[in-house]
Amino acid sequence: MGYSLTPSRWLLLTLSLTSLLCQADNSAEQLAYRNAVTPPPPGWNGPVFQLSDAYPTTPPATCDSQQCPWLSYPASLFQTTFGKDGVPQWDATWNSYIQSILSYIREGQSDDLNNAQGFNTQVAGKTRWYSVPWMAYDPTSGREFIHGLTNERTAVLSDFHGSRRNLHGLGANPHTLVGATDSQAQFETWAVAYYNDVGAYSLGQAWDQQGNPRFGDYQGVPAQSGMPFATGTVVVKLLFSSASPKDVPYLHGSPQWQADRHVEKDNQFYCERQPQPVHLVQMDVAVVNPQSPTRWVFGTFAYNGDLGGKNVWENLSPVGLQWGMDPWTFPAVPKSASIRARQSVLNRDNLNVRAEHFGCEGRLAGPVDNKLSSCLSCHGGAYANKAGNSFFAGAFSPPIFGFDGLCEQYSQDNSNYFQTLTFPMQPAGGEYGQLLNLDTSLQLQIALQQWSYFQRDKVPQACVDPSS
C-alpha cells in the first residue's frame, strides 16, 4: 500500500523539518532574515517570495518635488482651524495629493498586479522597495512563502457591506482584540508592506546584519537607531482578503494572488496552511511630510471593480487621508465639548462600494480595518522598550488595536488613544514608563517583539489550533 503525502502530513513534515532547522541554526540572523515561515514544498512552480533586505548604507538625499510631488503641496492643507470651515472636504486637490503617491508606487508595477509578478521591488533596474526583518519568525501569522504576506485582522461580511459593529478577532493571528463578535462568515486578511529606499536606510540602521536591534538616542531621548524616518519615506501596504467576488461583488476583477494561508474548517482557521486564492481589497500608503503635525500623512484606497477602470490602479478608489488623531473630537472629549473631526479628509461621495470605510467619528480607516479606530491612532501606538516588549507581552505599551469602549464613550483610555503624537513623544497617559517611539512603524514593533521572543525561547512558538 503506497504512502500518500496529504496536505496535513506535509504540514507535519514541514513543521518537523522547521524545528530541526531551528535547532541546527537558531541564530538571530537566520530567523530575522529568512524569506518565510516555511519554504515552498517540493515541486512548487509558482512565485516564491525573496526578502528585500540589502538596505542602503548612506543617508538618503533630499527628496525633490519631482520625485516626491506630495511634498510640494502647501502647508495650509494641514493647518487646523476650529470653525465650520475648518472641516476639510474632499476635492481635486486632495485627490491629486493621494494620486501623486499612488503614481510613485505604481512605477515598475504591472497594470494588473498579477500573481506571477506580484509586487516588484525593482524599479528601473534599482531596488526601490524593502522589507522589515523578523516578520517570518512566528509560524502562526508570519510571512508565507509565495508573496511574503502576513496574517492580519479577520473581517466579516458586514465590514464589506456596511455595519457599525465588526469582528475584532484575527482568526489564527494572536493580535486578538476585545469587543463585539459576529456570527457571519469570516475572511482572513493577508498583507505585505514595503518601505522605499529612503525609509529603508532607517531599517538598516535599526537592525544589524546579525538580526539584532541597534539602540541610540535622538536629541537625548532613547530611540531605536535610524529613527525617525526621513522626509521622502514612502510606505505601501497591499491587503488581500480570502473573500471572493462571489462574497463581495465589487471585488470583481481584483488581482487574485495565491497565499500559503490557514485552512478553514467549520468557520475557524487552523494552523495548517495551503496555497489558496486571496483578492486585493485595500491599499494603504503613508509618507513622511514635515508639514503634517505628526510628520506623517496616511492614506488608503479601496478596490472597486464597479469603477470600470482600464486596469487595477484605476479601480483603486481613494477612501481618504489622515494627518492627526483629532484630540478635540469625541470620544477623546465628551460629546458636549466635541467638534467635527478635521485631521482626516474623507472621500464620502466618490466610493461606489457599499461599506462604511470610515473610522471613529470621521477619522480615517480602511475597508478591512477596525472601524472603531483610525489609521494614525493605531500606528501612533507603535512603541516598545529595549527588551522588545510591546503589546504582545502585556501592558508594556498603549493598546494598539482596541479596548473595551473604544469609540463608544468618553474615557481616559479614549482620550489617550486619540491624542496626536509625533516622534519622539511618549504615549499619552504617562503610565508606561520610558518607551521607544517607533515613528508609527507597527512592523518595527512586531520585529522587536519577535526578536524578544527569540531571546527568550530560541525557537519559534508552535501554532495552536482553535480546537486545542
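How many salt bridges does the count come to by the rule used here? The rule first: a salt bridge is a side-chain nitrogen of Lys or Arg within 4 Å of a carboxyl oxygen of Asp or Glu. By that rule the count comes to 6.

Before I show you some, a word on what we're looking at. This is a predicted model, where local features need pLDDT of at least 70 and side-chain atom pairs count only at pLDDT 80 or more, while totals for chains, interfaces and linings use all residues. Residues are numbered from 1 along each chain as its sequence is written, and side-chain values use heavy atoms, with hydrogens and water left out.

Okay, the overall picture. The protein has 8 helices and 17 strands; these are DSSP runs numbered from the N terminus, helices being H or I with at least four residues and strands E with at least two. Of its 468 residues, 59% count as buried. Buried means under 20% relative accessible area, exposed means over 50%, and partly exposed is in between, with a 1.4 Å probe and protein chains only.

Back to the salt bridges. R295 and D439 meet in one, at 3.3 Å from N to O. That pair links distant parts of the chain, 144 residues apart: R295 is in the loop between strand 12 and strand 13, and D439 in the loop between strand 17 and helix 8. R295 counts as buried at 19% relative accessibility, and D439 is buried at 2%. Then there's R106 with D111, at 3.2 Å. Here R106 is partly exposed at 29%, and D111 is partly exposed too, at 43%.

Now for a charged residue without a partner. R342 is buried yet has no salt bridge, and the nearest side chain of opposite charge, D326, is 5.1 Å away. For charges, Lys and Arg count as positive and Asp and Glu as negative, with His and the chain ends not counted. So what does the side chain of R342 reach at 2.8 Å? The backbone oxygen of T81. The backbone oxygen of R340 also lies 2.9 Å from a polar atom of the R342 side chain. Leaving out residues up to four places away in sequence, R342 touches several others, including F82, P88, W323 and W328; contact means heavy atoms within 4.5 Å.

On to the rings. There are 22 aromatic pairs. Rings of Phe, Tyr and Trp (its six-membered ring) pair if their centres lie within 6.5 Å; planes under 30 degrees apart count as stacked, over 60 as edge-to-face and the rest as tilted. W134 and F454 make a tilted one, 5.6 Å centre to centre with 45 degrees between the planes. W134 lies in the loop between strand 3 and strand 4 and F454 in helix 8, so this pair ties together parts 320 residues apart in sequence. Both residues, W134 and F454, are buried. F240 and W257 have ring centres 4.3 Å apart and planes at 25 degrees, so that pair is stacked.

F454 has another neighbour: K458 lies over its face, 5.0 Å from the ring centre. A charge sits over a ring if NZ of Lys or CZ of Arg is within 6 Å of the ring centre and within 35 degrees of the ring normal.

Last stop, helix 5. How many of its 10 residues are buried? The answer is 8, so to speak "mostly covered". What covers those buried residues includes strand 3, strand 7, strand 9 and helix 8.

Methods. Polar contact = N/O pair within 3.5 Å; in protein donor to acceptor, adjacent residues only side chain to side chain.
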